[in-house]
Amino acid sequence: MYGSDSVNVDSERTAFRRTEKKYKLYYDSNSKSSKKKKQPRPVDLSEVIDFKSISESFARNDDLPAGVSKLEYHFDSPVFCLDNCPGFYFIPAALSIEEQCKWIKESLVSFPQPPNRTNHNAFHGAIHDLLNAAKTKQMLVKDKTEPGEDNTIAVDVNIHNHRWACSEEFDSSVNGKSCESIPASVLLRKLRWSTLGLQFDWSKRSYNVSLPHNKIPDALCQLAKRMAAPAMAVGEEFQPEAAIVNYFGSGDMLGGHLDDMEADWSKPIVSMSLGCKAIFLLGGRSRNDEPLAMFLRSGDIVLMCGEARERFHGVPRIFTDMENAEIGSLEKQMSAEDDICYLEYIKTSRININIRQVF
Ligand SMILES: O=C(O)CCC(=O)C(=O)O
Ligand SMILES: [Fe+2]
């Protein structure tokens, strides 16, 4: 899926890699060394397909650009298809602002909770309550104290060999013992993925059904079933069994890949975008095929099934600047005091939840 081959083996000679480089965030080399704030290298976005403007012009005058069709499907939002890419569906603004906020919060609060795994498991083991710990400025303390020894640090949670401690109370020289500590805010910033439902084992590139897991939460299941419907055969219902939540910060990208670990490719992957706007690349069966670039905004849904699942795809860029991020309505919706931590996070981040039927 996101195997390291996606960027390393894939040389810059492939069309996919060249397009990734075209849109990737680079800083101008001379501005980096200067005292001035570093400036992103300007990028030409004129070839990026914009389904928001396609949708707006369709609503105004029933007009669609060549190669784009609208599916005859009774849905609140229009469902667009690409004529030369069967199995690919784009539903712009499919989620209301309220739904977007709900799923941003869930992605930060409950989705990274064990038994769901995250990229932090490999180094830190299971971490509980990350968002709350970041909100209350705690540190993850890896304690070298032997079990049973006295411990004077304020302890809020005690899991395995690490625990949350208040930053003010934490002193690495407590008891003269060396402790490793990492601010929860740093761990939250470095959260890259979490897996829901059946757990995906990245090292084996397969689902490991023996790992403990919870079912996909009911509300997410219902949403995925509803959104998958335009891509399902008549009379069939999508069965959400696993989901991967991707977290992107400024400069992060998801290299070109195929999602090929699910048994039945006729079933769609339901992929929802939250937060800052991104560029999505939809390539062909080979990395040598020139990919199409399109914007993904908060609330957009993409479905990929059938032939579309054989196409390389990836996310080379997210936009975190005010002008391009396009999260004004989200910011307004999250302006309440209680939501500040989510707002601070999402102002410079994108979250993607993609839901899969595994069997
Ligand atoms: O972030 C996205 O929009 C795409 C995610 C994706 O392709 C994946 O997780 O397999
Ligand atoms: Fe993917």
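Quick housekeeping: being a predicted model, local features need pLDDT of at least 70, side-chain atom pairs count only at pLDDT 80 or more, and totals for chains, interfaces and linings use all residues. Residues are numbered from 1 along each chain as its sequence is written.

Okay, the core. By nonpolar core I mean buried Ala, Val, Leu, Ile, Met, Phe, Trp, Tyr and Cys residues joined through C-beta atoms within 7 Å, where buried is 20 or more other C-beta atoms within 10 Å of a residue's own, with C-betas placed from the backbone. The largest one has 85 residues, and Tyr-89 and Val-270 are among those with the most contacts inside it. Strand β12, residues 242-249, gives the largest share, six residues; strands here are DSSP E runs of at least two residues, and helices H or I runs of at least four, numbered from the N terminus. Domain 1 (4-112 + 192-356) and domain 2 (120-189) both contribute, so the core lies between them; those bounds come from an automatic or database assignment.

Now the sheet. It's open, nine strands, ordered β1-β2-β3-β17-β14-β19-β12-β9-β4, with antiparallel pairing; pairing takes at least two DSSP bridges. At the edges, β1 (68-70) and β4 (117-118) each have a single partner, so one side of each has no neighbour in the sheet. Further in, β14 (269-275) and β17 (301-304) share four bridges, and Met-272 has Ile-301 as its bridge partner in β17.

Key. Chains lettered and ligands numbered in written order. Buried ≥ 20, exposed ≤ 12 C-beta atoms within 10 Å, placed from the backbone.
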